[in-house]
Amino acid sequence: MATTKKKAVRRARKGQRIRQVAAIPYRVREDGNLEVLLVTSRTTRRFIVPKGWPMKGKSGRKAAMIEAREEAGVLGRTLKQPAGTYSYWKRMPDGFIRVDVVVYLLEVAEELVDWQEAANRQRAWLPAVDAALLIDEPDLSTLLRDLTVPSANAA
């Protein structure tokens, strides 16, 4: 999605807000406890949630599902309503740009052994409260810490 990224960077330089979409892959263990899947970023190796630029012709939740498959190697069902939003400073080759991210919950049905970015990322299943401690973005950390999964008919 290089074209979308280039357009977003041009808009950001003009002072416009730009956005991305993200997924919080989750599962509920047999004991009822909630776990979320974090992945490492390709450059800084810090833990993040799978995210990316909006995709032409795809809804935000569909794009978030695709990002989760590519970056974390998980398949599942994305809930219709966003779980929340957060903002962060994206590192670019010539500086930083402010990005607003719409986050969708993805109920994981399958975890792939091999996936598109497996060589570039590590993944980790963690209780949501523990995942919140590893995340640098304060709003995303709060979203993870307070995460609750809606009933199954909300998807």
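**A walk through the fold and its cores**

The chain has four helices and eight strands, and in this predicted model they follow one another along the sequence in the pattern α-β-β-β-β-α-β-β-β-β-α-α. The radius of gyration of the chain is 15 Å, close to the 15 Å that the globule rule gives for 155 residues, so the chain is as compact as a globular protein of that length. Of these 155 residues, 46% count as buried, and among contacts between residues at least 6 apart in sequence, 67% join residues at least 24 apart.

In soluble globular proteins, nonpolar side chains tend to be buried together. Here the largest nonpolar core has 28 residues, and those with the most contacts inside it are Ile-24, Val-36, Leu-140 and Leu-144. The elements that give two or more residues to this core are β1, β2, β6, β7, β8, α3 and α4, with the largest share, five residues, coming from β7. Leaving aside residues up to four places away in sequence, Leu-140 touches Ile-24, Val-49, Tyr-86 and Ile-135. Apart from this core lies another, of 17 residues, among them Val-39, Ile-48, Met-55 and Ala-64.

Just after α2, Gly-73 takes a positive phi of about 70 degrees.

Terms used. Residues numbered from 1 in each chain as written. Predicted model: local features only at pLDDT ≥ 70, side-chain atom pairs only at ≥ 80, totals over all residues. Heavy atoms only, no water. Core = buried A, V, L, I, M, F, W, Y, C linked by side-chain atoms within 4.5 Å. Buried < 20%, exposed > 50% of the residue type's maximum accessible area, 1.4 Å probe, protein only. Contact = heavy atoms within 4.5 Å. Rg over C-alpha atoms; globule rule 2.2 N^0.38 Å.
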